[in-house]
Amino acid sequence: MSQNDATLRIELQFSGGMELLFDNQKTIHAKVPAYFPLEASAENKRAATIRDLISWTASNLLKERPELFIGTDGSVRSGILVLVNGADWELEGELEYELEDRDEIVFISTLHGG
């Protein structure tokens, strides 16, 4: 399988109100590209990271209010807890974590109105 058609099966979970941005889906089983182009060249590619996943998710799955999911720096907005296979993403390298097949990525909003 070439880099061009390689995909990863990723389970995305949304809670704490995040699911409202994704058509009320709490769990989405997604096939995500395993490789993304390097900024300087469309031919050279690198392994997919959570940074890529956030952008891909916003472009392909997000149904409304992107400003409540993605920040201006390409990360998730402040107040969203991200877990990678049950562990805080800070322990896994945050945006630079390289995705693996069958990863479980959870997005939990910690911000609540009142």
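Predicted model: local features only at pLDDT ≥ 70, side-chain atom pairs only at ≥ 80, totals over all residues.

Student: How do I read "buried" for Phe22?

Tutor: Look at the relative accessible area: under 20% counts as buried. Phe22 has 0% relative accessibility, so Phe22 counts as buried. Phe69 is buried too, with a relative accessible area of 0%.

Student: And how are the rings of Phe14 and Phe22 arranged, stacked or edge-to-face?

Tutor: Check the angle between the ring planes: under 30 degrees counts as stacked, over 60 as edge-to-face. The planes of Phe14 and Phe22 are at 15°, with ring centres 3.9 Å apart, so this pair is stacked. Phe22 also pairs with Phe69, and there the planes are 85° apart and the centres 5.4 Å apart, which makes it edge-to-face.

Student: Where in the chain do Phe22 and Phe69 sit?

Tutor: Phe22 is in the loop between S1 and S2, while Phe69 is in the loop between H1 and S5. The two are 47 residues apart, so the pair links distant parts of the chain.

Student: How many aromatic pairs does the whole structure have?

Tutor: There are 4. Phe14, Phe22, Phe69 and Phe107 make up one aromatic cluster.

Student: Which residues of the largest nonpolar core touch the most other members?

Tutor: They are Leu12, Phe22, Phe69, Leu99, Ile105 and Phe107, out of 32 residues in that core. S1, S2, H1, S5 and S7 each give two or more residues to the core. H1 provides the largest share, 5 residues.

Student: What does Phe69 contact, leaving aside its neighbours within four places in sequence?

Tutor: Among its contacts are Met18, Leu21, Phe22, Ile54, Ser75 and Phe107. Ser75 is in the loop between H1 and S5. Its relative accessible area is 9%, so Ser75 is buried. Beyond its sequence neighbours, Ser75 also contacts Ile54, Ile70, Trp89 and Leu95, among others.

Student: Now the sheet. What is the order of its strands?

Tutor: Read across the sheet from one side to the other: this open sheet of 5 strands runs S2-S1-S7-S5-S6, with mixed pairing. S2 (27–33) and S6 (87–88) are the edge strands, each pairing on one side only. S1 (residues 7–15) and S2 are antiparallel, over 7 bridges. Leu12 has Ile28 in S2 as its bridge partner.

Student: Where does H1 lie?

Tutor: H1 (residues 50–60) lies across S1, S2, S5 and S7, at about 115° to S2.

Terms used: Residues numbered from 1 in each chain as written. Heavy atoms only, no water. Pairing = 2+ DSSP bridges. Helix = DSSP H or I, 4+ residues; strand = E, 2+ residues; numbered from the N terminus. Contact = heavy atoms within 4.5 Å. Axes fitted to C-alpha atoms, helices over the stretch in contact; angles between N-to-C directions. Buried < 20%, exposed > 50% of the residue type's maximum accessible area, 1.4 Å probe, protein only. Core = buried A, V, L, I, M, F, W, Y, C linked by side-chain atoms within 4.5 Å. Phe/Tyr/Trp six-rings, centres within 6.5 Å; stacked < 30°, edge-to-face > 60°.
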